[in-house]
Each structure stands twice: as C-alpha cells, then as structure tokens.
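Here are some notes for a colleague who has the coordinates open.

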Amino acid sequence: MSETLAEATKLLFRKLKYLLRRSTPPTAPTCFDGPVLVVGSAPVSHLPADFDDRFRVITINGSQAVTKAWGIDVPDITLMQRRQLDGTNTNAQHVRRVLKGERTGVLYVLLWREGRKRLEQQLETFDYRYADLRIVNRYERIALIEKVSGIKMFELDAYSKCSNGVIAVLFALYNGASAVIITGINPNSAGHIYNDANLSRSHVQTDSEVLLRLLEKGFPVYTTDPEVSKSLGMPLWDGKAEARKAVGTS
C-alpha cells in the first residue's frame with residue numbers, strides 16, 4: 001500500500017512540475033536539412049550504403065566507437081546519459097574508455113544535476129572534447145516525447161522511459177530531419193558493441209511502443225538493420241528520403 005502511495009505521489013509531483021515548468025523540447029543549433037543517421041551501441045549495426053556528407057550523425061553514449069570504425073571521426077551530435085560520466089558500473093566504465101581522447105560536435109548530457117562547471121570537470125577526467133555543451137533535463141525530455149509521438153511518459157523508473165537512442169530519433173525529427181535512419185538500435189537485443197558483458201536493456205517495451213507510434217503517424221523513420229526491420233515492421237533505408245513531416249520549430 002505504502003509503495004503504491006509513494007508511486008502515486010511521485011507521479012503527481014512529476015505531472016505538476018511538468019505543467020508548471022512549461023518545458024519545451026531540446027533544439028539543435030540549426031535545423032537539420034537532410035537525413036540524420038542515429039547510431040546506437042547494439043552489437044549489430046550497418047552504415048547506410050549511400051552515406052555521404054548529406055547526412056548528419058548522432059551518436060549515443062559510447063557508440064562513437066562504431067562511427068569511428070566507419071571513418072567518421074567526429075559526430076555532429078552526441079547524447080550522453082548522466083550516469084555514463086561518473087558511474088562505476090561496467091557499462092559506464094567502458095563508455096568512458098572508448099570515448100577517452102575523442103571529440104564531438106554538440107554534446108547533450110541528459111539529466112545532469114550538478115551544474116555546468118562540475119560537468120566540464122568530469123568530462124576532462126577522460127579527455128572528451130566538444131564544440132558545444134548542453135544539458136537536457138527530465139522535463140525537456142518529457143516534452144520532446146510528447147511533442148513528437150503524442151505519448152506522455154513521466155519516467156518513474158527504468159522500465160517507463162525511453163532509451164537515449166529513441167530520444168535521439170525524436171530529437172532528429174523535432175529538429176527537421178528529412179529522414180531518420182537508425183542503426184545499432186534494437187529494442188530486442190542485449191549487449192553493447194564496446195564490451196562483452198551482454199547486459200540486458202530496460203527499455204524494451206517503451207522503445208518499441210514509441211517507434212511503432214512514429215511509424216503509425218507516418219514519420220520518415222528507417223533502419224539499416226534487417227532484424228529491426230523484421231521485428232518492428234520498420235522500412236529498410238534504400239536511400240530515398242521522403243518529404244519531412246514538420247513537428248518542430250522549422
């Protein structure tokens with residue numbers, strides 16, 4: 001009973017705070033004007049056959065290890081979860097290992113609460129560099145999910161929130177991508193490309209729900225991974241971008 005009451009209180013608090021803040025989704029420095037490749041860290045990923053300088057690249061946490069192997073030294077944007085910066089778990093340690101000495105364009109750190117100076121200091125500990133640094137709070141994430149997918153997701157626990165990969169898909173759509181091509185993002189897979197711990201994912205149901213909603217709403221979302229295409233009914237990218245469905249600020 002007490003646990004149920006605590007959960008209900010937490011949900012009410014989040015709803016009220018979201019309403020009072022009137023948060024808006026995070027924006028890119030400039031609207032995207034072409035296709036965006038979102039690269040996750042699932043064990044299997046494929047570079048689009050027609051990849052060229054038309055594409056903008058978004059990496060998630062340590063998936064820069066994948067894009068670097070493809071010859072993409074600096075992604076345009078990286079989304080990083082707070083716990084990857086100072087966490088002691090296996091995954092966080094491997095993320096910092098593969099990012100040590102690397103750099104990105106704009107770094108968005110999600111759910112960081114200790115101030116910008118402390119964030120900059122933490123990034124210096126593993127020499128990760130960036131052209132611009134931005135912090136995205138929980139309520140901006142909630143606003144992004146609702147604005148693009150229509151789903152209100154108050155992130156009460158690990159099982160009721162989207163993965164950073166799906167947040168990146170929503171971010172790309174909101175900021176004007178003509179098409180979003182995902183790779184290395186598979187709700188049904190376990191493990192990460194940069195370690196062999198084979199860790200399970202907590203976001204299977206919510207990721208699938210949001211991706212399916214985007215397909216139902218007709219957004220130009222594609223995958224280069226045949227297994228994802230088969231399991232979600234998501235079209236494989238064939239190099240033909242459809243007209244953008246405007247949802248953002250452009």
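1. Asp 50 is partly exposed, with a relative accessible area of 23%, and in this predicted model its side chain meets that of Arg 54 in a salt bridge with an N to O distance of 3.2 Å. Arg 54 likewise counts as partly exposed, at 36% relative accessibility.

2. Arg 54 also has a salt bridge to the side chain of Asp 52, where the N to O distance is 2.9 Å. Asp 52 is partly exposed because its relative accessible area, 31%, falls between the 20% and 50% cut-offs.

3. Side chains of opposite charge can pair when their charged atoms come close. A further pair is formed by Glu 120 and Arg 116, whose side chains meet in a salt bridge at 3.1 Å, N to O. Both residues lie in helix H5 and are 4 residues apart, about one turn of the helix. Glu 120 counts as partly exposed at 26% relative accessibility, and Arg 116 is partly exposed with a relative accessible area of 39%.

4. Helix H5, which spans residues 116-124, also holds Gln 122. Is Gln 122 buried or exposed? Gln 122 is buried, because its relative accessible area of 10% is under the 20% cut-off. When neighbours within four places in sequence are left aside, Gln 122 is in contact with Leu 85, Asp 86 and Trp 112.

5. The largest nonpolar core has 40 residues, and the members that touch the most others are Phe 32, Val 38, Ile 58, Ile 77 and Leu 214. Helix H7, residues 164-174, supplies the largest share of this core, with 9 residues.

6. Val 38, one of the residues touching the most other members of the largest core, deserves a look at its individual contacts. Leaving aside neighbours within four places in sequence, Val 38 is in contact with Ile 58 and Ile 60, with Gly 165, Ala 168 and Val 169, and with Val 180, Ile 181, Ile 182, Thr 183 and Ile 185. Ile 58, in this list of contacts, is also named among the core members that touch the most others.

Technical notes: Residues are numbered from 1 along each chain as its sequence is written. This is a predicted model: local features need pLDDT of at least 70, side-chain atom pairs count only at pLDDT 80 or more; totals for chains, interfaces and linings use all residues. Side-chain values use heavy atoms; hydrogens and water are left out. Helices (H or I, at least four residues) and strands (E, at least two) are DSSP runs, numbered from the N terminus. Buried means under 20% relative accessible area, exposed over 50%, partly exposed in between (1.4 Å probe, protein chains only). Contact means heavy atoms within 4.5 Å. A salt bridge is a side-chain nitrogen of Lys or Arg within 4 Å of a carboxyl oxygen of Asp or Glu. A nonpolar core is a set of buried Ala, Val, Leu, Ile, Met, Phe, Trp, Tyr and Cys residues joined through side-chain atoms within 4.5 Å.
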